[in-house]
There are 2 protein chains.
Amino acid sequence: MADLGDGQKLDSIAIICGGGRIPGVVAEAIARRGRRPVMLAIKGWADPEIVECYTHHWIALGQAGRLLRLAHAEHCGEAVLVGALVRPALTQIRLDWRTIRMMPRIIRSFAGGDDRLLSGVAQLIEEGGVRVIAVHDVAPDILIPEGIHGRYRPSERDNADIARGLALIAALGAFDVGQAAVVANNHVLAVEAAEGTDNLLVRLADLRRQGRIATPQGVGVLVKAPKPGQDRRFDLPSIGPRTIENISRAGLAGLAVVAGSTIIADPAEVTAAADRAGLFFIGVREDTAR
Amino acid sequence: MADLGDGQKLDSIAIICGGGRIPGVVAEAIARRGRRPVMLAIKGWADPEIVECYTHHWIALGQAGRLLRLAHAEHCGEAVLVGALVRPALTQIRLDWRTIRMMPRIIRSFAGGDDRLLSGVAQLIEEGGVRVIAVHDVAPDILIPEGIHGRYRPSERDNADIARGLALIAALGAFDVGQAAVVANNHVLAVEAAEGTDNLLVRLADLRRQGRIATPQGVGVLVKAPKPGQDRRFDLPSIGPRTIENISRAGLAGLAVVAGSTIIADPAEVTAAADRAGLFFIGVREDTAR
């Protein structure tokens with residue numbers, strides 16, 4: 001069990017790292033607040049360059065026992081799960097004994113969506129004495145706040161498109177899918193599923209080149225929101241400067257994200273990129289849906 | 001007004017032709033039943049090779065007056081709208097006077113989804129004395145019937161994926177989007193919006209190559225259904241041999257379409273292609289959703 005009685009030890013926090021840059025952003029934010037990040041990096045997903053800037057250990061998927069031993073040894077009573085974790089192929093999983101004992105429950109989790117899978121994993125970790133907390137709890141400053149960021153404001157039409165996108169994502173909640181949609185002048189142009197936001201935007205740019213999108217250049221919004229009912233301790237949507245570039249190439253007017261639930265890698269850089277591209281960038285309340 | 005009193009004249013039927021092969025398939029089916037198809041081909045969308053096999057006239061979008069004059073001159077008291085009609089760019093529209101008088105209503109239609117746009121167009125045509133009917137009324141034999149087509153049957157898991165896909169499409173009904181989705185082992189891998197079914201399947205094949213789809217090869221179903229609440233007189237989903245090829249490349253198990261509401265270009269060819277690829281191909285009732 002984790003020794004939570006010691007103030008000094010409490011300062012360590014485990015970051016269970018999936019792919020992409022976000023684990024590094026979270027680690028940096030945690031360090032800024034005076035705590036010690038310990039990277040528990042998942043082999044095949046976590047990026048070595050990011051992970052190796054901090055105390056780190058590599059673990060294979062399926063090694064819940066090893067993960068908990070490492071967390072305890074590093075005095076981490078708390079953990080956050082961050083970064084992309086594309087549903088694993090079975091061949092990438094290395095089971096240890098603790099995990100094998102848990103197998104029936106893990107198999108049940110697999111039959112649900114990604115969200116249920118992660119909930120199952122979080123429960124396993126908590127039963128091992130490590131509390132799974134949200135990015136919000138340890139690094140609220142990397143979540144996009146409500147309000148207009150940058151120079152440009154959404155138009156009335158953009159606001160209507162934002163509301164429609166949020167409503168669409170809400171309607172998809174039961175299906176554990178869709179953290180993004182593109183709506184242009186009231187038409188739904190794209191709904192995100194397995195492809196991810198960047199692929200979705202590249203597709204829109206292609207469709208526009210092929211003349212398959214009739215809404216004019218500069219109309220339409222990328223709307224990003226957490227899946228409704230999603231446990232916000234993991235798999236929050238994230239954006240970075242590349243998101244802005246892709247929105248610009250797709251010929252849209254701007255970006256709307258649900259405030260407080262979207263991770264941003266470089267706030268200043270993203271806002272500057274939006275300004276340069278003439279795009280609006282807004283954090284909205286989830287209940288803007290209609 | 002159309003002269004509907006004459007039996008001989010009643011035998012003509014106008015096919016308002018968008019893009020793709022389906023207008024030809026409908027014309028052939030109408031001719032098989034002893035009626036005379038008259039192609040009213042929309043410039044920029046209809047395929048000349050298909051249209052020119054029959055009595056035909058070219059019309060620009062926006063020429064409701066010319067369309068009605070031609071329908072009456074050719075003794076067509078009825079019309080079907082078939083084929084892809086990607087939302088037009090304004091520059092492709094040539095307005096005639098009748099249409100200009102109707103502009104306020106057409107502009108209102110544009111603000112809705114594709115389905116509302118087509119409803120507006122159908123209403124204009126009916127007010128001009130030409131009844132807009134469904135493919136179902138004139139060529140029911142080109143709609144996919146209920147039941148298993150070909151040699152392969154969906155598994156229990158496939159049936160669950162089909163039900164989930166239908167439920168997802170139903171949930172998207174209010175958004176005038178989504179006539180197709182891919183579900184694999186209960187996970188939603190793709191939702192169709194502006195890209196069309198073929199693009200969606202090509203994307204899945206790409207994601208699989210990139211290792212971004214973890215469900216194994218041979219699991220998952222393409223589910224196609226009309227949009228809920230859609231006026232079935234137009235824009236029915238359609239499939240052909242290429243659909244089967246793309247399903248096979250995407251590594252899925254098969255294809256499920258809502259019976260009686262999906263047009264099939266070459267039934268025998270599609271079934272043979274499914275058999276060759278080892279895919280099931282089933283027409284299901286819409287209330288299979290769950």
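Modeller: In chain A of this predicted model, the contact between helix 9 and helix 10 involves A:T197, A:D198, A:L201, A:V202 and A:A205 on the helix 9 side. On the helix 10 side, their partners are A:R242, A:T243, A:N246, A:I247 and A:R249. Helix 9 of chain A covers residues 197–209 and helix 10 of chain A covers residues 241–249. Two packed helices are described by the angle between their axes and the distance between the axes. Here the angle is about 20 degrees and the axes are 8 Å apart. Angles under 35 degrees count as roughly parallel, so helix 9 of chain A is roughly parallel to helix 10 of chain A. Their crossing is left-handed.

A helix pair in chain B can be set beside this one. Helix 11 of chain B (residues 241–249) packs with helix 12 of chain B (residues 267–277) at about 15 degrees, and their axes are 8 Å apart. These two helices are therefore roughly parallel to each other as well, but the crossing of helix 11 and helix 12 of chain B is right-handed. Helix 11 of chain B contributes B:P241, B:I244, B:E245 and B:S248, which meet B:E269, B:V270, B:A273, B:A274 and B:A277 in helix 12 of chain B.

As for the rest of chain A, there are 11 helices and 13 strands, and buried residues make up 48% of its 290 residues. Of the contacts between residues at least 6 apart in sequence, 77% join residues at least 24 apart.

Chain A also has an open sheet of five strands in the order 3-2-1-4-5, with parallel pairing. Strand 3 (55–59) and strand 5 (131–132) stand at its edges with a single partner strand each, so one side of each has no neighbour in the sheet. Strand 1 (residues 12–17) pairs with strand 2 (residues 36–42) in the parallel sense over six bridges, and A:I16 stands opposite A:L40 in strand 2. Helix 4 (residues 64–73) of chain A lies across strand 1, strand 2, strand 3 and strand 4 (76–82), running at about 165 degrees to strand 3.

On confidence, the average pLDDT of chain A is 84, and 82% of its residues score at least 70. Over residues 1–9 of chain A, pLDDT stays under 50, and the model has 10 contacts beyond four places in sequence for that stretch. The model scores ipTM 0.75 and pTM 0.78.

How values were computed. Residues are numbered from 1 along each chain as its sequence is written. Chains are lettered from A and ligands numbered from 1 in the order in which they are written. This is a predicted model: local features need pLDDT of at least 70, side-chain atom pairs count only at pLDDT 80 or more; totals for chains, interfaces and linings use all residues. Helices (H or I, at least four residues) and strands (E, at least two) are DSSP runs, numbered from the N terminus. A residue is buried if 20 or more other C-beta atoms lie within 10 Å of its own, exposed if 12 or fewer, and partly exposed in between; C-beta atoms are placed from the backbone. Two residues are in contact if their C-beta atoms, placed from the backbone, lie within 7 Å. Two strands pair if DSSP finds at least two bridges between them. Axes are lines fitted to C-alpha atoms, for helices over the stretch in contact, and angles run from 0 to 180 degrees between N-to-C directions. pLDDT is the predictor's confidence in each residue, from 0 to 100. Angles under 35 degrees count as roughly parallel, over 145 as roughly antiparallel, 65 to 115 as roughly perpendicular and the rest as oblique. A crossing is left-handed if the near helix is turned anticlockwise from the far one by less than a right angle, and right-handed if clockwise.
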